[in-house]
Amino acid sequence: MLRALAYLIASVLVITVVRSIIGIVLKGFSDLFHPAPDPQKGPSSPSVPAGGELKKDPVCGTFISTATAIQKRSAGEVYYFCSTECRDKFNG
Ligand SMILES: [Zn+2]
């Protein structure tokens with residue numbers, strides 16, 4: 001009886017470990033196939049439409065339009081900056 005219980009606990013542990021390994025591997029693959037966009041793209045892109053939403057620069061607190069702001073994608077969130085200086089400060 002105790003032996004059966006120990007076997008059961010061991011099986012659950014193995015399944016948990018295997019599941020977490022599969023999760024890590026799958027995450028690695030999705031990172032490989034969906035790389036983060038290049039954050040070095042400057043504001044000089046002519047294809048951005050005029051106007052847009054107002055967002056707050058998290059470094060200096062200035063409100064800037066999303067159409068003209070410098071964007072940075074970090075951990076799934078998009079941040080908007082008034083200048084490359086603010087963006088670089090945010091990085092460091
Ligand atoms: Zn700023």
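How far apart along helix H1 are Asp-31 and Lys-27, counted in helical turns? The sections below take up that pair and then move on to the rest of this predicted model.

## A pair on helix H1

Asp-31 and Lys-27 lie four residues apart in helix H1, so about one helical turn separates them. The two form a salt bridge, and their closest N and O atoms are 3.2 Å apart. Asp-31 is partly exposed, as its relative accessible area is 44%.

## Other salt bridges

The whole structure holds three salt bridges. One of them joins the side chains of Glu-53 and Lys-55, with an N to O distance of 3.6 Å. Here Glu-53 counts as exposed at 51% relative accessibility, while Lys-55, at 29%, counts as partly exposed.

Asp-88 and Arg-87 also form a salt bridge, the closest N and O atoms being 3.6 Å apart. Asp-88 is partly exposed at 45% relative accessibility, whereas Arg-87 is buried at 8%.

## The zinc site

Let us turn to the metal. Asp-57 (OD), Cys-60 (SG), Cys-82 (SG) and Cys-86 (SG) coordinate the zinc ion at 2.0 to 2.3 Å. Along the chain, these donors follow the spacing D-x2-C-x21-C-x3-C.

Why is the arrangement tetrahedral? The four donor atoms subtend angles of 101 to 118 degrees around the zinc ion, and four donors count as tetrahedral if all angles lie between 85 and 135 degrees. For comparison, the ideal angle for four tetrahedral donors is 109.5 degrees.

## A buried threonine in a loop

Thr-66 sits in the loop between strand E2 (63–65) and strand E3 (70–74). Is Thr-66 buried or exposed? Its relative accessible area is 14%, so Thr-66 is buried.

Leaving aside residues up to four places away in sequence, Thr-66 touches Gly-52, Glu-53, Lys-55, Gln-71 and Tyr-80. Among these contacts are Glu-53 and Lys-55, the partners in the salt bridge of 3.6 Å described above.

## A nonpolar patch

Back at helix H1, which spans residues 2–33, we find Val-12. Val-12 is partly exposed, at 48% relative accessibility. Together with Leu-2, Leu-5, Leu-8, Ile-9 and Leu-13, Val-12 makes a nonpolar surface patch of about 630 Å².

Key
Residues numbered from 1 in each chain as written. Predicted model: local features only at pLDDT ≥ 70, side-chain atom pairs only at ≥ 80, totals over all residues. Heavy atoms only, no water. Donors = N, O, S within 2.8 Å, 3.2 Å for Na, K, Ca; no water. Tetrahedral: all angles 85-135°; square planar, octahedral: opposite > 155°, others 65-115°. Patch = residues over 30% accessible without salt bridge, like charges linked within 9 Å, V, L, I, M, F, W, Y side chains within 5 Å. Areas by Shrake-Rupley, 256 points an atom, 1.4 Å probe, with all protein chains shown as cover. Salt bridge = Lys/Arg side-chain N within 4 Å of Asp/Glu carboxyl O. Helix = DSSP H or I, 4+ residues; strand = E, 2+ residues; numbered from the N terminus. Buried < 20%, exposed > 50% of the residue type's maximum accessible area, 1.4 Å probe, protein only. Contact = heavy atoms within 4.5 Å.
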